[in-house]
Amino acid sequence: MTDRAVRLRLDVDIRGDDVGLGAHRSGPPGPPVRDGELAVVLGTELARVALAALPDGRRAAVARDLAGLTAGAAAADLAAGRVPGATVQVLRGDEQVGARGWCARAVLGEGVPPAQALVAVDAIRLPPDPIAGEWAARVPWMVPALVREAVGHSPDALARAVLALRELGRVVGEEPGSAGDPATASAAARVALAAVRPVPGAASFAPPAPAPGDAAVTEPVVRTAAPPVAPPPARPSPPDRRLLAAIAASVGVAVLALVLVFAIIAAPGTFGLASTSDVNDRVAVIEATTGQLRSDVAALAREVQSGAATPAAALRRVEEALDDLEQQVRGLCSVVPVVC
């Protein structure tokens with residue numbers, strides 16, 4: 001073969017409770033379809049050699065089970081990473097061509113179809129005990145995983161591998177002795193390669209479609225904090241109208257009392273004062289009462305302007321001052337009848 005030949009190797013490493021699978025490809029890059037078809041041809045030959053290593057009675061039973069393999073079952077095994085009775089481990093490059101197991105090789109020259117590749121399968125230091133037979137019965141179910149390791153996720157190549165295994169199992173199940181003939185694997189591989197696209201069963205290996213809601217959500221939503229909004233300034237509640245009326249009346253009475261007081265002081269004879277000393281005493285009392293009333297009214301006005309609730313205590317003081325002022329004015333009327 002020329003230096004431009006494609007070389008593909010599939011390795012199976014028996015490990016007891018698990019199995020190591022690996023694939024290595026070398027050579028010039030080519031169409032992925034050709035690489036997938038070469039992996040199917042090589043995997044089918046590996047399955048034939050493993051069946052040939054079984055006793056005739058066991059070989060027929062395993063082949064019949066292989067003939068019933070479905071794409072859905074193979075896809076489920078690939079997703080779970082398992083083969084019958086073991087867990088699949090992917091081999092690193094330095095672990096391939098392991099201590100005991102099988103190594104399958106294929107060489108494909110430039111311009112040569114995959115079905116005509118040079119294929120060889122070797123058993124590597126298999127122990128002469130029943131474990132070799134047990135693993136030989138499991139190898140055919142490892143072929144889809146080996147194909148995936150060789151060419152990546154290719155639904156068409158995986159579906160063709162299942163078709164080739166089914167055909168191989170059907171032929172060997174009917175005639176167990178045919179497992180010793182390499183042409184049996186070549187014929188099964190040609191049946192699989194002849195399947196037109198879409199290859200039956202390829203949909204089972206297609207990657208799952210994203211859920212309707214998952215496609216739109218590609219990044220976490222970042223919520224920006226809203227700027228703090230200053231609360232509106234508190235508006236003082238409108239003052240009680242009754243309170244305003246009381247204040248106005250208080251102010252009017254106080255003004256009237258002051259006018260009367262100053263009028264009496266300015267012209268006492270005009271009002272027919274009976275006794276100047278008596279009038280002076282009563283006027284002094286009225287002045288004191290009026291001053292207290294003005295203080296109470298001013299305090300009440302300040303509380304109203306601050307927007308507080310109705311100041312009942314201040315209002316009572318104003319009312320008491322008004323009553324007191326009214327009594328003092330009546331007392332003044334007793335000595336100043338002209339004013340009354």
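Visitor: How many salt bridges does the structure hold?
Guide: This is a predicted model, in which local features need pLDDT of at least 70 and side-chain atom pairs count only at pLDDT 80 or more, while totals for chains, interfaces and linings use all residues. Residues are numbered from 1 along each chain as its sequence is written, and side-chain values use heavy atoms, with hydrogens and water left out. With a salt bridge taken as a side-chain nitrogen of Lys or Arg within 4 Å of a carboxyl oxygen of Asp or Glu, the number that the structure holds is 10.

Visitor: Which side chain meets that of D35 in a salt bridge?
Guide: Side chains of opposite charge can pair when their charged atoms come close. The pair that includes D35 has an N to O distance of 3.0 Å, and it links distant parts of the chain, since D35 sits in helix α1 (residues 32–52) and its partner in strand β2 (residues 18–26), 10 residues apart. Helices (H or I, at least four residues) and strands (E, at least two) are DSSP runs, numbered from the N terminus. The side chain that meets D35 is that of R25.

Visitor: Is D35 buried or exposed?
Guide: Buried means under 20% relative accessible area, exposed means over 50%, and partly exposed lies in between, using a 1.4 Å probe and protein chains only. R25 has a relative accessible area of 26% and is therefore partly exposed. D35 has a relative accessibility of 13%, so D35 counts as buried.

Visitor: Which residues are linked with R25 in a network of salt bridges?
Guide: R25 is paired with D35 at 3.0 Å, N to O. The network of salt bridges that contains R25 links it with R34 and D35.

Visitor: How far apart are the closest N and O atoms of R82 and D77?
Guide: R82, at 39% relative accessibility, counts as partly exposed, whereas D77, at 18%, counts as buried. These residues form a salt bridge, and the distance between their closest N and O atoms is 3.1 Å.

Visitor: Which residue forms a salt bridge with R105?
Guide: The two side chains meet at 3.0 Å, N to O. R105 lies in strand β5 (residues 101–108) and its partner in strand β6 (residues 118–124), so the pair ties together parts that are 17 residues apart in sequence.

Visitor: How are α1 and α5 oriented to each other?
Guide: The axes of α1 and α5 are 9 Å apart and the helices pack at an angle of about 30°. Angles under 35 degrees count as roughly parallel, over 145 as roughly antiparallel, 65 to 115 as roughly perpendicular and the rest as oblique, and the angle is taken from 0 to 180 degrees between N-to-C directions, with axes as lines fitted to C-alpha atoms over the stretch in contact. The orientation of α1 to α5 is therefore roughly parallel.

Visitor: Why are α5 and α6 described as they are, and what is that description?
Guide: Helix α5 (residues 155–174) and helix α6 (residues 182–193) have axes that come within 8 Å and cross at roughly 140°. The orientation of α5 and α6 to each other is therefore oblique.

Visitor: Which residue is joined to R197 by a cis peptide bond?
Guide: The bond has an omega of about 0°.
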